[in-house]
Structures are given as C-alpha cells and as structure tokens.
Amino acid sequence: MTGEDRALVDRFLDMLAAEAGSSRHTLAAYRNDLERAAESLGGSVSAARPSDLAGLGEKWAELSPSTVARRAAALRRFYGFLVDDGLRGDDPSQALPRPKFERPLPRILDEDEVARMFESAEARASSGHGPAVRNLALLELLYGSGLRASELVGLPRGAVRSEQPFLMVRGKGSKERLVPISSRAEGAVAKWLELAPPGSLWLFPSGKTHLSRVRLFQIVRQLAADAGISPERVSPHVLRHAFATHLLSGGADLRVLQSLLGHADIATTQIYTHVDSSRLVELVNARHPLATRGR
C-alpha cells in the first residue's frame with residue numbers, strides 16, 4: 001500500500017469512527033481488508049482502475065466466498081468515501097467480484113439441551129462457590145436476554161437494578177437499546193454481586209478490567225460439557241441464536257426480535273425464519289383466514 005493510500009485509509013477510518021460509530025474491531029477489520037486488497041492489486045488502491053478491480057476475481061479464487069464478499073464490501077465503501085469527499089471523480093467498484101454464496105444457518109440448541117445446561121449450572125451454583133454463581137448469572141443473561149458476548153462482558157456493575165425489568169445495552173456502532181431481563185436473571189446476578197470482588201466498575205470483573213470474550217467462550221463450553229453436550233456445538237453466539245429461535249417458536253414478532261437482538265436490518269433477523277420453518281407453517285395453518293374454512 002502506498003503512502004498516499006495509507007493516508008486516505010486513515011481518513012476513511014476516521015470517518016467511520018466519527019460518523020458511523022464503528023468499533024475498534026470493525027476499524028481494524030476494514031484496515032486489514034484494504035491492506036490485503038492492496039497486496040492483490042500490486043499498486044495503488046485509491047487510484048485503481050475498473051480493469052484492475054475486475055482482475056481480483058481470479059486473484060481471490062482460492063479465498064472463501066465470504067472473505068471475497070467482505071473485502072469487496074470494504075473496497076466499495078472506501079471508494080464511496082473517496083467520491084463523496086471529492087477525492088476521486090469516478091467509482092470503479094462496479095467491477096469488483098460479486099461471489100454467490102448461501103449464508104449458513106446459525107447453529108442452535110434445542111430447548112431440552114438448554115434446560116440441561118441450566119440444571120447443571122444451577123446445581124453447581126447451589127454450592128455458593130463464587131465462579132459457579134458467576135457462571136449461572138452469565139448463562140441467564142446470555143440465553144435470557146440474547147446479549148452479544150462483547151455486550152455481556154462489558155456490562156457495568158450497576159447494569160442490573162432491583163425491580164427494573166430491562167438493561168440498557170450499548171451494542172454495535174455504540175447504539176443503545178433496551179433489553180429485557182427476567183426475574184431469574186435478576187436473582188442470579190444479585191447472588192453473584194454478593195460474592196463479586198468489591199470496587200470494580202464491571203459486573204463481571206477480571207483483574208484490572210472485565211472478563212474477556214475468550215474467557216466467556218471457555219466458560220460457556222465448560223458449561224456445555226458439564227451438561228453432557230459436545231462443547232464444540234456451543235458458544236456465546238449459539239446461545240444468542242437459541243434465544244432468538246426459541247422466542248420465534250413461542251410466537252414472537254420478527255420486528256420485536258429485531259429490536260431485542262439489536263439488528264440494524266431486519267434481513268439479518270429473517271435468517272431465523274429459515275431455522276424455525278416448522279413454526280411458520282404451523283402459524284399459517286392456524287392463523288390464516290382460509291384455515292378456518294371447510295374443505
């Protein structure tokens with residue numbers, strides 16, 4: 001990547017941080033994708049011609065479709081920024097490769113498996129052992145509120161308040177949303193706070209900061225193993241998927257689910273309609289006006 005390209009990429013990332021509220025992880029991902037694209041182009045990214053971009057399809061042939069799509073999306077947004085700021089007169093991004101791939105369905109657990117995880121976690125927490133009590137509170141918030149891993153570990157100590165049935169969560173792009181919290185989760189968190197190290201700013205402290213996402217991942221896999229479930233099938237995100245799918249099975253409205261999950265686009269939420277197709281068929285058969293007419 002040329003020195004001029006680096007300066008323009010820095011300006012582009014500053015724009016994403018200021019105007020879109022992009023997180024550090026998102027900005028790092030954009031930078032990495034643009035740097036890899038520069039390597040493939042072998043020249044200036046900002047001055048690339050449509051013919052240069054058209055050749056990326058062949059150069060990226062060994063990459064997965066999702067990686068190609070992500071890098072192309074980063075370049076499209078970068079060129080859009082250059083055009084909007086008058087730094088380039090044309091947008092060459094129409095020449096970028098557009099891989100066709102099917103979005104994989106999310107892995108989920110059925111309700112019986114989730115119940116087994118809770119039974120095991122509750123039994124261990126009944127001992128009063130600090131880590132076990134904390135782990136039950138983590139599980140309650142993951143499955144009961146559908147939080148992202150980063151949202152959960154970053155909760156401040158006072159996030160859960162007595163008789164307040166919701167949390168204020170700061171999600172992707174620093175967007176805030178209200179998330180319901182069950183009385184079960186409230187009780188589990190209250191028991192954890194009785195044992196939690198004092199003086200920390202975080203609900204789930206670890207050292208000088210909060211529990212890491214990696215450590216949360218390890219804890220969730222151990223909770224699965226304790227319940228006799230293959231750890232490879234379970235992660236914090238799988239529990240979030242279970243929250244969404246089981247709510248949809250219970251008749252939740254898709255727009256409500258979008259709000260609870262913090263999805264900017266309902267197209268992201270609609271993936272759960274594929275996961276729970278049997279429920280949708282049942283709803284049509286039970287609720288459609290023709291369902292009550294004689295055959």
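Leaving aside neighbours within four places in sequence, phenylalanine 204 is in contact with Arg134, Ala137, Leu138, Leu141, Leu152, Trp192, His210 and Leu211. The model is a predicted one. Phenylalanine 204 sits in the loop between α9 (183-195) and β3 (205-206). Phenylalanine 204 has 1% relative accessibility and therefore counts as buried, the cut-off for buried being under 20%. One of the contacts listed is with arginine 134. Arginine 134 and phenylalanine 204 are 70 residues apart in sequence, and their C-alpha atoms are 7.7 Å apart in space.

Arginine 170 is found in strand β1 (residues 166-170). Its relative accessibility is 52%, so arginine 170 counts as exposed, a class that requires over 50%.

**The chain as a whole**

The chain has 295 residues, of which 40% count as buried. Its secondary structure consists of 15 helices and 4 strands. Among contacts with a separation of 6 or more, 62% join residues 24 or more positions apart.

Two packed helices are described by the angle between their axes and the distance between the axes.

| Helix pair | Angle between axes | Distance between axes |
|---|---|---|
| α1 and α2 | about 150 degrees | 10 Å |
| α1 and α5 | roughly 90 degrees | within 10 Å |
| α2 and α5 | about 95 degrees | 9 Å |

Helix α1 covers residues 3-20 and helix α2 covers residues 24-41, and their packing angle is about 150 degrees. That angle makes α1 roughly antiparallel to α2, since angles over 145 degrees fall in that class. The crossing of α1 past α2 is right-handed. On the α1 side the contact is made by Arg6, Val9, Asp10, Phe12, Leu13, Leu16 and Ala17, and on the α2 side by Leu27, Tyr30, Arg31, Leu34 and Glu35. Of the residues in the contact of α1 with α2, 8 are nonpolar and 4 are charged, with no polar ones.

Helix α5 spans residues 65-84, and its axis crosses that of α1 at roughly 90 degrees. α1 and α5 are therefore roughly perpendicular to each other. Here α1 contributes Leu8, Val9, Arg11, Phe12, Met15, Leu16 and Ala20, which meet Arg77, Phe78, Phe81 and Leu82 of α5. The contact of α1 with α5 holds 9 nonpolar, no polar and 2 charged residues.

In the remaining pair of the table, the axes of α2 and α5 are 9 Å apart at an angle of about 95 degrees. That makes α2 roughly perpendicular to α5. Tyr30, Asp33, Leu34, Arg36 and Ala37 of α2 meet Arg70, Arg71, Ala74, Leu75, Arg77 and Phe78 of α5. The residues of the contact of α2 with α5 comprise 6 nonpolar and 5 charged ones, again without polar residues.

Technical notes: Residues numbered from 1 in each chain as written. Predicted model: local features only at pLDDT ≥ 70, side-chain atom pairs only at ≥ 80, totals over all residues. Heavy atoms only, no water. Axes fitted to C-alpha atoms, helices over the stretch in contact; angles between N-to-C directions. Helix = DSSP H or I, 4+ residues; strand = E, 2+ residues; numbered from the N terminus. Parallel < 35°, antiparallel > 145°, perpendicular 65-115°, else oblique. Left-handed = near helix turned anticlockwise from the far one by under 90°. Contact = heavy atoms within 4.5 Å. Nonpolar A, V, L, I, M, F, W, Y, C, P; charged D, E, K, R; others polar. Buried < 20%, exposed > 50% of the residue type's maximum accessible area, 1.4 Å probe, protein only.
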